[in-house]
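Please look over the model shown here with this note beside it.

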There are 4 protein chains.
Amino acid sequence: MSQARAESTGDTGAAEAATKKPGTAAGPARPRRRQARGEARIAQLLKAAADVFCTTGYTAASTNAIAREAGVSPGTLYQFFPNKEAIAVELGDRLLTRWQETYGAALQAVRRDQPLDRVLDATLDPLIEFNCANPAFTVLMHGSEIPGMPAKDHDAVHVTMLARVETIIAGYLPDAPPADVTRVATMIFNLVKAGLDVIMAYEGDEREAYIRELKTILYRYLEPMVRDGAHARPDPADAPPNGG
Amino acid sequence: MSQARAESTGDTGAAEAATKKPGTAAGPARPRRRQARGEARIAQLLKAAADVFCTTGYTAASTNAIAREAGVSPGTLYQFFPNKEAIAVELGDRLLTRWQETYGAALQAVRRDQPLDRVLDATLDPLIEFNCANPAFTVLMHGSEIPGMPAKDHDAVHVTMLARVETIIAGYLPDAPPADVTRVATMIFNLVKAGLDVIMAYEGDEREAYIRELKTILYRYLEPMVRDGAHARPDPADAPPNGG
Amino acid sequence: MSQARAESTGDTGAAEAATKKPGTAAGPARPRRRQARGEARIAQLLKAAADVFCTTGYTAASTNAIAREAGVSPGTLYQFFPNKEAIAVELGDRLLTRWQETYGAALQAVRRDQPLDRVLDATLDPLIEFNCANPAFTVLMHGSEIPGMPAKDHDAVHVTMLARVETIIAGYLPDAPPADVTRVATMIFNLVKAGLDVIMAYEGDEREAYIRELKTILYRYLEPMVRDGAHARPDPADAPPNGG
Amino acid sequence: MSQARAESTGDTGAAEAATKKPGTAAGPARPRRRQARGEARIAQLLKAAADVFCTTGYTAASTNAIAREAGVSPGTLYQFFPNKEAIAVELGDRLLTRWQETYGAALQAVRRDQPLDRVLDATLDPLIEFNCANPAFTVLMHGSEIPGMPAKDHDAVHVTMLARVETIIAGYLPDAPPADVTRVATMIFNLVKAGLDVIMAYEGDEREAYIRELKTILYRYLEPMVRDGAHARPDPADAPPNGG
DNA sequence: GATGAATGAGTCTTCATTCAT
DNA sequence: GATGAATGAAGACTCATTCAT
């Protein structure tokens, strides 16, 4: 939890995700069987990309820099990725997969009847842990850097995670109108993203304190809602009387 | 606030440009008189820069594009700003000034003894209004696009606004330890930034709904604190029992 | 007629074609008044482009090579031309203009009632002379190097010259159906292009001999047609009995 | 005709590859046995190369594209051809061979005493037919795309076909000086090439019309010559009176 | 033989910045 | 002050070719 950027460590585990033995399930493209070396290179390149994205952001990241960081020539990079965007997409895919594989079961096990604070712990702790181990996840989760711009392909992490949040929220607010669920989920998601940024900027006790703070915010925001089981008009003790 | 037009001394480390007060500069001070024409040009350039920053983001914005948008030549731009960063710095300065001039008095008038919801309205509504009128403010408020990176010069808006929030919060939590105040202020600030992004992405009723949502979040987060006058251990009804 | 590649010799004459004083006739673009130096650079770049096109062909020509040949940096080239194609387009435009200016009047003076051989001399000699002075004209006249591909922008010379030939032919075959005129013009044009290629490959007496040969071909092809004033069924003495 | 598969000795000047007869090579001759499998591969690659050349032209064709089109890896391609040029050379060789094999006997049978129109039919129809079946032939026949440039290796088709034409013409003009024969043959050849381009660009009736037109041109050009049996001064009825 | 991986120079193009007029 | 010209180092991406398995 303390070692930053450890993703894409050439571990074959992640590599397999894209290996697809030919004949097993013929994808749309030809079964261009990848050699082991190639898989390693891909992992290496994605690790380098994660580093560069974290250091400079997606926009300022250059494919040449990624190749250099990976210790290969630009041409090699383009043997595996058709363009810069595809690198981000694949990186996002793999992180999402790893996220799912690592915490999916645990998250599934979160019961709706548990107290909210437990639910928040069970949901946020893995996310924070994962982001600390894979800082690129935070970067990709931010999606398009230009607000109001149409989502690009490399926003997949953003889109997927938002959808995930919406699903969870919907489970807790079964009686709320869909528009409200979407709105709450959107706020929660962005709130968590922002909180994550702050959390990642600190270490040790300060980080822990910020984590608690984020949980407090979420708890107080959600508690009145789940208490009612809906995004109902909050009672006067919980929300501003004039319009909140 | 107007020292950004540093001489084009080719200094790449333009860091000092934002710290030295006018007149303090020891370097070969060129005549820095600002004529009416110059002021108009600067305003014109900053307006163009704001547009371009909003459209493409700071990183992808090109000085040539800014000059083109302003209808002047690149050379002219560089007669007023030593580099791209200085444009953002000056733009931030001016927005901050305008913000102060427009809403400073009103914000000052917010009395601590008013109910929290009133305070939130009185604080957020101007901010939202101002951001709608000056979308570049949102962009600059985000500061460095790379979380965890050392703040750059054009993060001034970020830094200043954060300080401003901290001051306000400190006023409401007079008995809380400074570290707590900083932490709460940091969370609030980032939360508001994130909320602002979402709000700006919508229009009309949806926007109003998101504004209400943001206020609700802030209200529920802050209400227990201001009720106690400190960042005290929240009582069991308001925070997760396990404190984390 | 003997000195190869002499086009775009920085002569202001050709430069004026694009100079358009602002206010005279507001074009679609802004009146971005070009400085004299810029016009010179354009001429220089077009000359370099002509050289490179002649040496390597359009496809293999690189913008860097053109810039290098012109003795400027790549960036300078792109200050005047948005891309490689535009260079060819502008070069073609200017050559066409120069062609018109140099020989337009003379060609206009060719009377339809003159004997065919005179007409051929009056038409081909200028063309040959012009191509010897501007070898790039030949290159551009060939247009798209991939037969069957849709015409690109830089095929303008090709298209324009073909149209010109068709107009001339139409004048000589007033009673022929349009399809026939087009067909004859197409054949003539391609025949001349091919002949020009050969002619340009030789010098001195050999070149003269090839010029005569080309004229003979054209004469014998056209003579029966203009004799009849139409692309009529040729009489048996002039065409193959079985199908020509 | 099959010596193009030179060892990949990295010699860039592959000029000798097209001139040395098999067995004559003094270099370190590797086993050049061609197995059935190898033949199939080569045919496959050449077919792909023909397609790509026709689609993009020789210059823009990439060896990777050829390999991809052939469904093999780049490495495989280079196991059979030392470089891109060699592919064109071998393709040209094979097309020439096929041309010879398919129509050689028929062309040989063309008797000099037949009427010219019959000769033209007997000569051109096969050529057109062959080009329609093998469009790459047209592409290769054009040889170097840069007029005036020294012929490259892949110009073999160009050179060979020109020689072939010259031989034929020589047979019809036994009394003409060699220089005249060469000149006439050169003109004829280029004229046919140009005509072929046009013909290939059309289909159906239009194509037939263009074929007739090309034959007419050739007939009218050649008829006076063969009538005299020499490239004599054409009589006044056939050529421009001023001779040039 | 065959494959995919690797290369590095090269292509087109952009950009922050400086210069001459 | 203002302009357009100039720069050269990147940036994304390609390609002919070679290498290791």
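This is a predicted model: local features need pLDDT of at least 70, side-chain atom pairs count only at pLDDT 80 or more; totals for chains, interfaces and linings use all residues.

1. Chain A holds 10 helices and zero strands. Along the sequence, chain A reads α-α-α-α-α-α-α-α-α-α. Of the 244 residues in chain A, 48% are buried. Take the contacts in chain A between residues at least 6 apart in sequence: 68% of them join residues at least 24 apart.

2. Helix 3 of chain C. Just after helix 3 of chain C comes Gly71(C), with a positive phi of about 75°.

3. Helix 7 against helix 8 in chain B. Helix 7 covers residues 156-172 and helix 8 covers residues 178-200. The two pack at an angle of about 125°, with axes 9 Å apart. On the side of helix 7 of chain B, the contact is made by His158(B), Met161(B), Leu162(B), Val165(B), Glu166(B), Ile169(B) and Ala170(B). Helix 8 of chain B contributes Val181(B), Thr182(B), Val184(B), Ala185(B), Thr186(B), Ile188(B), Phe189(B) and Lys193(B). The residues of this contact divide into 10 nonpolar, three polar and two charged.

4. Helix 6 against helix 10 in chain C. How far apart are the axes of helix 6 (residues 116-133) and helix 10 (residues 204-228) of chain C? They are 10 Å apart, and the packing angle is about 140°. Helix 6 and helix 10 of chain C are therefore oblique to each other. Helix 6 of chain C passes helix 10 of chain C in a right-handed crossing. From helix 6 of chain C, the residues in contact are Leu116(C), Asp117(C), Leu120(C), Asp121(C), Leu124(C), Asp125(C), Ile128(C) and Cys132(C). They meet Arg207(C), Ile211(C), Lys215(C), Leu218(C), Tyr219(C), Leu222(C), Glu223(C) and Val226(C) of helix 10 of chain C. This contact counts 10 nonpolar, no polar and six charged residues.

5. Thr59(C). This residue sits in helix 2 of chain C. Thr59(C) is partly exposed, at 31% relative accessible area. Residues up to four places away in sequence aside, Thr59(C) touches Lys84(C) and Glu145(C), and also Thr59(D) and Ala60(D). Leu120(C), named under point 4 as part of the helix 6 contact, is 61 residues from Thr59(C) in sequence. The C-alpha atoms of Thr59(C) and Leu120(C) are 33 Å apart.

6. Arg164(C). Its place is helix 8 of chain C, residues 156-172. Is Arg164(C) buried or partly exposed? With 28% relative accessibility, Arg164(C) counts as partly exposed. Neighbours within four places in sequence set aside, Arg164(C) is in contact with Leu96(C) and Gln100(C). Phe189(C) is 25 residues from Arg164(C) along the chain, and their C-alpha atoms are separated by 9.5 Å.

Methods:
Residues are numbered from 1 along each chain as its sequence is written. Chains are lettered from A and ligands numbered from 1 in the order in which they are written. Side-chain values use heavy atoms; hydrogens and water are left out. Helices (H or I, at least four residues) and strands (E, at least two) are DSSP runs, numbered from the N terminus. Axes are lines fitted to C-alpha atoms, for helices over the stretch in contact, and angles run from 0 to 180 degrees between N-to-C directions. Contact means heavy atoms within 4.5 Å. Ala, Val, Leu, Ile, Met, Phe, Trp, Tyr, Cys and Pro count as nonpolar, Asp, Glu, Lys and Arg as charged, and the others, Gly among them, as polar. Angles under 35 degrees count as roughly parallel, over 145 as roughly antiparallel, 65 to 115 as roughly perpendicular and the rest as oblique. A crossing is left-handed if the near helix is turned anticlockwise from the far one by less than a right angle, and right-handed if clockwise. Buried means under 20% relative accessible area, exposed over 50%, partly exposed in between (1.4 Å probe, protein chains only).
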